[in-house]
Amino acid sequence: MKKLFLIIGAPGSGKTTDASMIAANDTKFAHYSTGDLLRAEVASGSELGKLIDSFISKGNLVPLEVVVNAIISAIRSSDKNYILIDGYPRSLEQMRELDRVLASQSEVMLDGVIEVDVSEEVARNRVLGRARGADDNNEVFNNRMKVYLDPIKEIRAFYNDKKLLHTINGERTIETIVADMKNLIENLIKG
């Protein structure tokens with residue numbers, strides 16, 4: 001059975017960097033973003049991949065159920081037993097659909113949800129400080145933060161009730177955060 005770990009956090013929390021560093025330094029982990037998983041499914045040429053491509057190629061959003069099935073399919077086909085996905089779920093609908101699909105199968109088990117916790121001020125300074133693209137500005141940051149904050153209390157409560165939610169302080173050095181996250185994941189794997 002594959003073990004899934006969701007890494008969540010505000011924009012600029014470092015969740016993608018943290019998860020990618022863990023996977024880069026330990027071959028038993030695979031790290032994906034949702035976009036990576038959808039592209040991999042399309043590239044596989046599977047029926048699900050063709051369905052996804054029929055939406056993407058027309059510039060349409062891929063339906064939620066299809067996205068979650070693509071996530072599960074990619075996890076199943078990974079040669080790794082421990083999967084890190086960052087930035088998912090971003091909404092209550094995504095959370096509920098993933099929970100529904102995971103409950104209906106036995107190949108993938110959600111083993112933990114790790115929130116990389118940073119203040120809004122730290123998140124803003126990181127995002128605006130990196131200024132990687134046109135979307136790294138105050139207006140876009142405010143919108144991305146709102147999108148993150150609107151459902152987060154309910155997402156936290158849902159995973160906390162299932163005893164899956166863990167929080168890591170994301171306002172320390174990257175090395176410390178990654179070491180703590182990896183240690184937490186290793187302890188969750190051991191049970």
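The legends below describe close-up views of a predicted model.

View 1. Five strands pair in parallel to form an open sheet, in which their order is 2-3-1-4-5. The edges are formed by strand 2 (29-33) and strand 5 (165-169), each of which pairs on one side only. From one strand to the next, the twist averages 25°.

**View 2. The pairing of strand 2 with strand 3.** Strand 2 runs parallel to strand 3 (residues 82-86), and the two are joined over five bridges. Within this pairing, A30 stands opposite I83, a residue of strand 3.

View 3. Q94 lies in helix 5, which spans residues 92-103. Its relative accessibility is 19%, and because the cut-off for a buried residue is under 20%, Q94 counts as buried. When neighbours within four places in sequence are left aside, the residues in contact with Q94 are L64, Y88 and P89.

**View 4. The salt bridge between K28 and E186.** The side chains of K28 and E186 meet in a salt bridge, with an N to O distance of 2.9 Å. This pair links distant parts of the chain, 158 residues apart, since K28 belongs to the loop between helix 1 (15-25) and strand 2, whereas E186 belongs to helix 8 (residues 174-190). K28 is partly exposed, having a relative accessible area of 30%, while E186, at 16% relative accessibility, counts as buried.

**View 5. The salt bridge between K50 and E47 within helix 3.** A salt bridge of 3.3 Å, taken from N to O, joins the side chains of K50 and E47. Both residues lie in helix 3 (residues 47-56), where K50 and E47 are three residues apart, about one turn of the helix. E47 is exposed, and its relative accessible area is 60%.

View 6. R76 and E107 form a salt bridge in which the closest N and O atoms are 3.3 Å apart. Here too the pair links distant parts of the chain, with R76 in helix 4 (residues 64-77) and E107, 31 residues apart from it, in the loop between helix 5 and strand 4 (108-117). Both residues count as partly exposed, R76 at 38% relative accessibility and E107 at 37%. Elsewhere, salt bridges that share partners join D26, K28, K182 and E186 into one network. Over the whole structure, a search finds 13 salt bridges.

Note on methods: Residues numbered from 1 in each chain as written. Predicted model: local features only at pLDDT ≥ 70, side-chain atom pairs only at ≥ 80, totals over all residues. Heavy atoms only, no water. Helix = DSSP H or I, 4+ residues; strand = E, 2+ residues; numbered from the N terminus. Buried < 20%, exposed > 50% of the residue type's maximum accessible area, 1.4 Å probe, protein only. Contact = heavy atoms within 4.5 Å. Pairing = 2+ DSSP bridges. Axes fitted to C-alpha atoms, helices over the stretch in contact; angles between N-to-C directions. Salt bridge = Lys/Arg side-chain N within 4 Å of Asp/Glu carboxyl O.
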